[in-house]
Amino acid sequence: MRLIRARIDGGALRSNLQRLRQLAPASKVMAVVKANAYGHGLVGVALALPDVDAFGVARLEEAVALRAAGINQPIVLLEGVFNAEQLAEAARHRLELVVHESEQLALLETWRGSFRFTLWLKVDTGMNRLGFRAAEFANAWQRLQVLQPAPAALRVMTHLSSADERDGAVTRAQLQRFLPLVKDLQAPLSMANSAAIFADATTHRDWIRPGLALYGISPFAGQNGSALGLQPAMTLETTVIAVRQVAAGERVGYAGAWQAARPTQVAILAAGYGDGLLRSLGNGAPVLVNGRRAPLVGRVSMDMIAVDVTDLPPVAVGDTAELWGRRLAVEEVAAAAQTIPYELLCAVSQRVPLEEG
Ligand SMILES: *Cc1c(COP(=O)(O)O)cnc(C)c1O
């Protein structure tokens with residue numbers, strides 16, 4: 001068995017999808033699988049979710065990898081394409097495109113292939129990253145109407161900047177900018193990311209676009225996925241590779257960043273920043289060794305971390321530790337690293353094998 005591995009639970013993915021469908025029963029689901037499915041493995045996740053209505057990716061290469069694996073559902077390129085070569089490749093792979101700025105419209109106006117794209121016109125309602133502004137919307141919509149060949153379908157989307165804020169004021173302001181633009185169109189609409197799916201049902205519309213929640217993780221600070229009816233799909237596990245006794249006053253690891261205040265039993269675990277653990281996980285960050293909580297001590301190094309297991313039943317080389325997952329919420333570990341769970345999950349590196357189970 002591998003020293004470190006990420007176990008991916010397909011049943012949890014499907015249960016989370018079902019939970020999201022229950023919350024938004026009238027909406028189709030675009031499962032967002034960018035960044036290697038938030039570290040969970042792009043193809044494996046897509047294969048585990050045969051019932052989703054579409055997949056959303058950020059990069060053309062991600063879409064091509066899904067098609068190469070035999071994934072047949074619609075795939076949406078969330079940032080669209082940027083030149084004629086990419087447009088042709090998108091057609092070859094039957095991809096749907098987000099259109100968020102006028103050069104992308106101009107590119108589509110040059111398209112003379114027989115493939116008819118499904119297009120998602122993106123409106124900027126306050127995020128100020130991608131999308132046409134309200135004043136530009138009617139013109140962009142008109143240009144899509146007259147494309148030749150005609151698009152297979154036209155949809156309208158926007159992205160919410162602050163749906164995880166419980167008071168919802170920013171989301172309401174974004175809705176107020178979005179809805180007047182689209183009220184007379186017959187087009188299907190999409191707004192909701194994971195946070196909005198839970199926080200505001202008025203954002204659900206025709207298509208929801210969950211990412212994080214699909215993986216069982218809460219988008220809300222201070223609340224775990226389990227409180228939302230979700231199950232974590234990834235359990236990151238590793239192995240104890242050494243156990244040593246450290247005398248009071250001795251230091252552990254690079255720069256001696258931790259000093260033993262008492263005689264201490266230290267377990268060395270095979271997990272480091274080479275596996276994607278963030279160095280901002282410092283002294284005191286939680287780890288489960290043999291299912292019991294123990295604090296990380298000293299710096300995260302490339303291949304190892306040290307954990308104070310003095311207060312645990314005896315720990316031996318070969319024992320198992322959970323860095324996050326079923327029994328230790330990644331939300332809590334992220335808080336200890338002063339970041340968000342998205343960053344921890346996406347950071348899991350290529351050398352960590354993904355296993356089913
Ligand atoms: C990443 C992304 C999502 C998913 O966001 P989560 O917070 O992970 O649910 C939805 N829509 C767009 C456009 C995205 O880029």
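Colleague: How much space lies in the largest pocket?
Modeller: Keep in mind that this is a predicted model. The lining of that pocket takes in 40 residues. As for the space in the largest pocket, the value is about 840 Å³.

Colleague: And which residues lie nearest the centre of the largest pocket?
Modeller: By class, the lining has 21 nonpolar, 10 polar and 9 charged residues. Out of the 40 lining residues, the ones nearest the centre are K34, Y38, H159, N193 and Y342.

Colleague: Which domains does the lining of the largest pocket draw at least three residues from?
Modeller: Going by domain, at least three lining residues come from each of domain 1 (10–227) and domain 2 (234–356).

Colleague: Let's look at N193; is it buried or exposed?
Modeller: N193 sits in the loop between strand 8 (189–190) and helix 9. The cut-off for buried is under 20% relative accessible area. N193 has 17% relative accessibility, so it counts as buried.

Colleague: Which backbone nitrogen does the side chain of N193 reach?
Modeller: N193 is one of the residues nearest the centre of the largest pocket. Its side chain makes a 3.1 Å approach, and the atom at the other end is the backbone nitrogen of A196.

Colleague: Which two residues does the cis peptide bond join?
Modeller: Most peptide bonds are trans. Here omega is about -5 degrees, and the proline involved is P149, found in the loop between helix 7 (134–145) and strand 7 (153–158). Both partners also line the largest cavity. The cis bond joins Q148 and P149.

Colleague: Turning to backbone angles, what is phi of R205?
Modeller: Most residues other than glycine have a negative phi. R205 lies in the loop between helix 9 and strand 9 (207–208), and its 32% relative accessibility makes it partly exposed. R205 is not a glycine, yet its phi is positive, at about 50 degrees.

Colleague: And A255: is it buried or exposed?
Modeller: A255 also has a positive phi, near 65 degrees. The residue lies in the loop between strand 11 (251–252) and strand 12 (258–259). The cut-off for exposed is over 50% relative accessible area. A255 has 62%, so it is exposed.

Colleague: Now strand 13: how many of its residues are buried?
Modeller: Strand 13 covers residues 264–269 and is mostly covered. It pairs with strand 10 (residues 234–246) in the antiparallel sense over 6 bridges, and with strand 16 (residues 305–308), again antiparallel, over 4 bridges. The count of buried residues in strand 13 is 5 of 6.

Colleague: How far apart in space are R143 and S102?
Modeller: R143 lies in helix 7 and is partly exposed, with a relative accessible area of 24%. In sequence, R143 and S102 are 41 residues apart. Going C-alpha to C-alpha, the separation in space is 9.7 Å.

Colleague: Last one, on the whole protein: what share of the residues is buried?
Modeller: The protein has 11 helices and 18 strands. Its C-alpha trace spans about 75 × 45 × 35 Å along the principal axes. Of the 357 residues, the buried share is 53%.

Note on methods. Residues numbered from 1 in each chain as written. Predicted model: local features only at pLDDT ≥ 70, side-chain atom pairs only at ≥ 80, totals over all residues. Heavy atoms only, no water. 1 Å grid on protein atoms, 1.4 Å probe; cavity = no way out; pocket = protein on both sides within 12 Å on 5 of 7 lines; lining within 4 Å. Points joined across faces, edges and corners; volume = space filled by probe spheres on them. Nonpolar A, V, L, I, M, F, W, Y, C, P; charged D, E, K, R; others polar. Domains from an automatic or database assignment. Buried < 20%, exposed > 50% of the residue type's maximum accessible area, 1.4 Å probe, protein only. Helix = DSSP H or I, 4+ residues; strand = E, 2+ residues; numbered from the N terminus. Pairing = 2+ DSSP bridges. Polar contact = N/O pair within 3.5 Å; in protein donor to acceptor, adjacent residues only side chain to side chain.
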